[in-house]
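Work through the exercises below with the coordinates open. Each task is followed by a solution in steps.

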Amino acid sequence: MTPFQLSAGRPHPLGATFDGEGVNFAVFSQHATRVVLCLCDDQGREVYLVDLAEREGHIWHGYIAGLRPGQQYGYRVHGPYAPEEGHRFNPYKLLMDPYAKRLAGQVQWHDALYGYEIGHADKDLSFDTRDSAEYMPRSVVVDPAFTWGRSERLRLDTPWSDTVIYEAHVKGLTAQRKDINHAGRFLGMASDQMLDHLTDLGVTAIELMPAQAAVDDRFLVDKGLSNYWGYMTYGFFAPEPKYLSNHDISEFQQMVARFHAAGIEVILDVVYNHTAEGDQRGPTLSFRGFDNASYYRLTDDPRYYVNDTGCGNTLDLDHPFVLRMVMDSLRYWVEVMHVDGFRFDLASTLARTSGGFDRDGPFCRAIRQDPVLNKVKMIAEPWDVGSGGYQLGAFPSPFTEWNDKYRDNVRKFWRGDACIIRKLAGHVTGSALRFDHDGRPATSSINFVTAHDGFTLMDTVSYNEKHNAANGEGNRDGHDHNCSDNCGVEGPTDDPAIMALRAQRRRNMLATLMLSQGTPMILAGDELGNSQGGNNNAYCQDNEIGWVNWDEADPDFLAFCRQIIAFRKSSPILRQKRFLHAGKRAVDGKPDVFWRKADGTAMAEEDWQWPELKFLGVEMRMARGTPAYEPRLGAIYILFNAGGKTRATLPEALPGHRWQRVIDTSGHAGGAVRAGAVSIAPNSVVALELCPIGGSPVGASEFQERKIKA
């Protein structure tokens, strides 16, 4: 390679930016004494090293004319190696650009990746002089331009009230589909077969587990495993190379474009709370080598890291340049990749300052004022492992939040636990005790009964205990609070009674989810009856345990999933933005929600306190002040019965109207209910809709003659 001429360039934007004639390089380091840009050939060999001599503030920069997209590069950064002062510079380590848009290769574990000598008596205070370049991926210059088409908008902007989320793993969803090209990759995710499945199912958004570049932990690789889920990210701008078929970031853009054309939003699960570099014993891959004391929260003894994440380190979003990196990354995925929103892993960590969790701290405030980001979907996982880390309901608008209390209490109700009725009632109406404050809408609660972390829906009704032996940790990993019930046999069974009970309970939980106020989320594969064999922590199972099994799909349950989602989408009563409160009068002088016992009378305080109560009836109407409010438009009456067979008295219908059964998880056919009472099968959910005599329930006619095979 002929040496290129370096000129001053600009301090912005950060990263490697191609302008059509060359590439501008800009990186942040507050404490470095020298920053060396290393250009590499296609085999990864460093062929041109040059100092970025220009520095403006803490940004080191330079411009090289003639460079083109596809150019590989890295950095070597000089400065003090003084772990006891928080500094871990080591120029023998080739570093990934924190703003790299694409990576070539993967981390190959070797002792040379560490800034200190593995096995040295001084541990991380020692200094390693081996070159790490052979084992590091290279950053790659890209041209992110993409032809989106005339009809492609920046985002779909589906209202939260209309949203149904489908959480999926990029590889795991399609890895076992032999009929899909590029299975396990971004292009396979948006194949015709997957788009047909998702649109038929009725979901409006796909939430992708981490799709940014990640590292397989060394201890997992040593055991022949991998970090399959991908929550060890270190490339916040780069798509995960394993999911690219042709090493081109346009494949991600093609995926998004195809999802959008099908009316499906794309939400990314992002991990900005920690990086893959771990604690003081971890490797030097990027941030640690650029400026350890700036990127990470350090303890009073700066040799060590604050570990609010349980992953060894915590990014310091109090630092303006670290916060800037996160915000730049989010905007990049919105403006360049056209994603529609984000789910923030351990979001309590992001909102944590030196004084603890702060809903008005730098991160939340930056999101709220950003003209790009405050318009996209924001989902917080509202907890971490640090002190005061559980913050369900505490995040400000525009954040919604994963509601694990919803998951646990819905599972407990259908398991038959005592003292759950009041909690179930709160969740069905949007968990107002947690979320009805500061003008937040009723869609703020992301309701779910399963997610990637924990049992699948099938395993929730098939296992009492976790079965994580394949993870190689003696079944000690994964949580023990599963709120599950095996229905009499641990694991698979051929007993028809148990199989029927499990199918019924799955329908009950999914129906509860779709009939609740809030925003529903389902786990990929649950609609098929997918099982992980009782493994509730399949983070390292890049195999049949962690992949969705399409070959043994349950067609009857899939049909029910399609029906209950379609019913939710047809009913404005189930998708309200305003909270329903029985004590607040609606426009017509009546409450907008009524709680009833089986005999049709109102629930009294002593009824709520009865520990063995297994039945709850709730009549919902449109909330007061809602533009679509019309007292005679109708109502929905939902009956949750976790006990024996019951005959429930129905509310009096409006003149000229009648109740019509539209959902029954026991398999009872739909249709008009002519008497003032309805029979409710044991352990079932029934939904009735008020409709004009001679008319059909709003959008529900397709359900009236369908039966669910028990």
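## Exercise 1: a helix pair

Helix 14 passes helix 15 in a right-handed crossing. The model is a predicted one.

Task: Determine how helix 14 and helix 15 are oriented to each other, and list the residues that make the contact.

Solution. 
Step 1. Take the geometry: helix 14 spans residues 496–514, helix 15 spans residues 555–570, and they pack at an angle of about 15° with axes 10 Å apart.
Step 2. Angles under 35 degrees count as roughly parallel. Helix 14 and helix 15 are therefore roughly parallel to each other.
Step 3. From helix 14 the contact takes R506, R507, L510, A511, L513 and M514, and from helix 15 it takes F557, F560, C561, I564, I565 and R568.
Step 4. Sorted by class, the residues of this contact of helix 14 with helix 15 are nine nonpolar, no polar and three charged.

## Exercise 2: helix 7, by packing and by pairing

Task: Describe the contact of helix 7 with helix 9 by residue class, then locate the salt bridge between D328 and R324.

Solution. 
Step 1. The axes of helix 7 and helix 9 cross at roughly 35° and come within 11 Å. Helix 7 passes helix 9 in a right-handed crossing.
Step 2. L323, V326, M327 and L330 of helix 7 meet P362, F363, A366 and I367 of helix 9. By class, the contact of helix 7 with helix 9 has eight nonpolar, no polar and no charged residues.
Step 3. D328 and R324 form a salt bridge at 3.7 Å, N to O. Both lie in helix 7 (residues 320–335), four residues apart, about one turn of the helix.
Step 4. D328 is buried at a relative accessible area of 19%, while R324 is partly exposed at 30%.

## Exercise 3: salt bridges elsewhere

Task: Find which parts of the chain the pair R359 and D438 ties together, and state whether R45 and D41 are buried or exposed.

Solution. 
Step 1. The whole structure has 39 salt bridges. Side chains of opposite charge can pair when their charged atoms come close.
Step 2. R359 forms one with D438, with the closest N and O atoms 3.4 Å apart. R359 lies in the loop between strand 20 (356–357) and helix 9 (362–369), and D438 in the loop between helix 12 (432–435) and strand 23 (445–447), so the pair ties together parts that are 79 residues apart in sequence.
Step 3. R359 is partly exposed, with a relative accessible area of 24%, and D438 is exposed, at 58%.
Step 4. R45 and D41 form a salt bridge with closest N and O atoms 2.8 Å apart. R45 counts as exposed at 52% relative accessibility, whereas D41 is buried at 15%.
Step 5. A network of salt bridges links D269, R343, D345 and E381.

## Exercise 4: backbone exceptions

Solution. 
Step 1. Most residues other than glycine have a negative phi, and most peptide bonds are trans.
Step 2. The peptide bond from H12 to P13 is cis, with omega near -5°.
Step 3. H182 is found in the loop between helix 1 and helix 2 (186–189) and is partly exposed at 37%.

Note on methods:
Residues are numbered from 1 along each chain as its sequence is written. This is a predicted model: local features need pLDDT of at least 70, side-chain atom pairs count only at pLDDT 80 or more; totals for chains, interfaces and linings use all residues. Side-chain values use heavy atoms; hydrogens and water are left out. A salt bridge is a side-chain nitrogen of Lys or Arg within 4 Å of a carboxyl oxygen of Asp or Glu. Buried means under 20% relative accessible area, exposed over 50%, partly exposed in between (1.4 Å probe, protein chains only). Helices (H or I, at least four residues) and strands (E, at least two) are DSSP runs, numbered from the N terminus. Axes are lines fitted to C-alpha atoms, for helices over the stretch in contact, and angles run from 0 to 180 degrees between N-to-C directions. Angles under 35 degrees count as roughly parallel, over 145 as roughly antiparallel, 65 to 115 as roughly perpendicular and the rest as oblique. A crossing is left-handed if the near helix is turned anticlockwise from the far one by less than a right angle, and right-handed if clockwise. Contact means heavy atoms within 4.5 Å. Ala, Val, Leu, Ile, Met, Phe, Trp, Tyr, Cys and Pro count as nonpolar, Asp, Glu, Lys and Arg as charged, and the others, Gly among them, as polar.
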